[in-house]
Amino acid sequence: MPANHNQSQNTEKEEIRLQAFLAHCGVASRRASEQIILNGRVCVNGNLVTELGTKVSDKDLVTVDGKCVHLEERKCYVLLNKPAGFVCSASDEKGRQVAVDLLRDSYKERLYNVGRLDMYSKGMILFTNDGDFAAKLSHPSSQIEKEYIVETSQDVSEETAKLFEKGVRVDNVFYKCLHCQVLKPRKIRIVLIEGKNREIRKMLESQNIGTRSLVRVRIGNINLDDLKPGEFRNLTEAEVKGLINLTNRRN
């Protein structure tokens, strides 16, 4: 009896929630995986599952959109310098170029982006198959700094830069940056910790200023440096630990 009891305990330890399993398989972040389950895209052992509390182990047959998924043996953390014209999603119903496609020839793992850059923005975007890492970085409480260099179509005054640091309200949404520095009349450095949809563009538009170029050059402790558009590299172990440490300080 004791042996059987221990065996039962070991089996229980191997089982994890389905959304966590999908995240560890590199399907998507844990939060995004929850939505995939709720949307009825996941089957376990041939049965459709839409309950988030469902537990599975690596002995179960799990499929997403009819394709089998497996626990990744290797955790990947990749930095891509995204060119303009690529969207940050797993696929695009409009047929636009997807940023993760730039990585597919070099990684057999299923990678997904952590955070986003809009189609016309350029610069740093992180990809991973580590659901816990993605969840920590994506959580609003992490407040990871993201730095951008922006070229504008009109001059940006010091007063406008200060206004952005105090915050502006656009369509009942409050936007506020951590820092805004005028480098040239039509070039600014801006640091965000929230990252709302098209936040910089909307702040500038509120002051009748257009955006000619927007490049993300830093995420937390990691800089874009001399990585060219379309190029990518693995994060170092120290860089990954540094990002996690930054999120831990906030929580």
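## A serine and its neighbours

Leaving aside residues up to four places away in sequence, Ser121 touches Lys82, Pro83, Ala84, Arg201 and Leu214. This is a predicted model, so please keep that in mind as you explore.

Is Ser121 buried or exposed? Its relative accessible area is 2%, and buried means under 20%, so Ser121 counts as buried. The side chain of Ser121 also has a polar partner: it makes a polar contact with the side chain of Arg201, at 3.0 Å.

## A covered strand

Lys82, one of the residues that Ser121 touches, belongs to strand S7, which spans residues 77-82. Strand S7 is mostly covered, with six of its six residues buried. You can check this on both faces: Tyr77, Leu79 and Asn81 are buried on one side, and Val78, Leu80 and Lys82 are buried on the other.

Which strands are joined to S7? Strand S11 (residues 122-128) runs antiparallel to S7, and six bridges join the two. Strand S19 (residues 232-234) is also antiparallel to S7, joined to it by three bridges.

## A helix with a buried side

Now find helix H4, made of residues 131-138. Which residues of H4 are buried? They are Gly131, Phe133, Ala134 and Leu137. These residues lie on the same side of H4, because they cover an arc of only 160° around the axis. There is a handy rule to remember: an α-helix has 3.6 residues a turn, so residues three or four places apart point the same way.

Have a look at the start of H4 as well. There, a side-chain oxygen of Asp130 comes to within 3.1 Å of the backbone nitrogen of Asp132.

## How confident is the prediction?

Across the chain, the mean pLDDT is 88, and 93% of the residues reach 70 or more. Which elements mark the two ends of the range? Strand S15 (residues 179-184) has the highest mean pLDDT among the elements of the chain, at 98, and helix H1 (residues 2-14) has the lowest, at 46.

Over residues 1-12, pLDDT stays under 50. For this stretch, the model has zero contacts beyond four places in sequence.

Key:
Residues numbered from 1 in each chain as written. Predicted model: local features only at pLDDT ≥ 70, side-chain atom pairs only at ≥ 80, totals over all residues. Heavy atoms only, no water. Buried < 20%, exposed > 50% of the residue type's maximum accessible area, 1.4 Å probe, protein only. Helix = DSSP H or I, 4+ residues; strand = E, 2+ residues; numbered from the N terminus. Pairing = 2+ DSSP bridges. Arc of directions from axis to C-beta. Polar contact = N/O pair within 3.5 Å; in protein donor to acceptor, adjacent residues only side chain to side chain. pLDDT = per-residue confidence, 0-100. Contact = heavy atoms within 4.5 Å.
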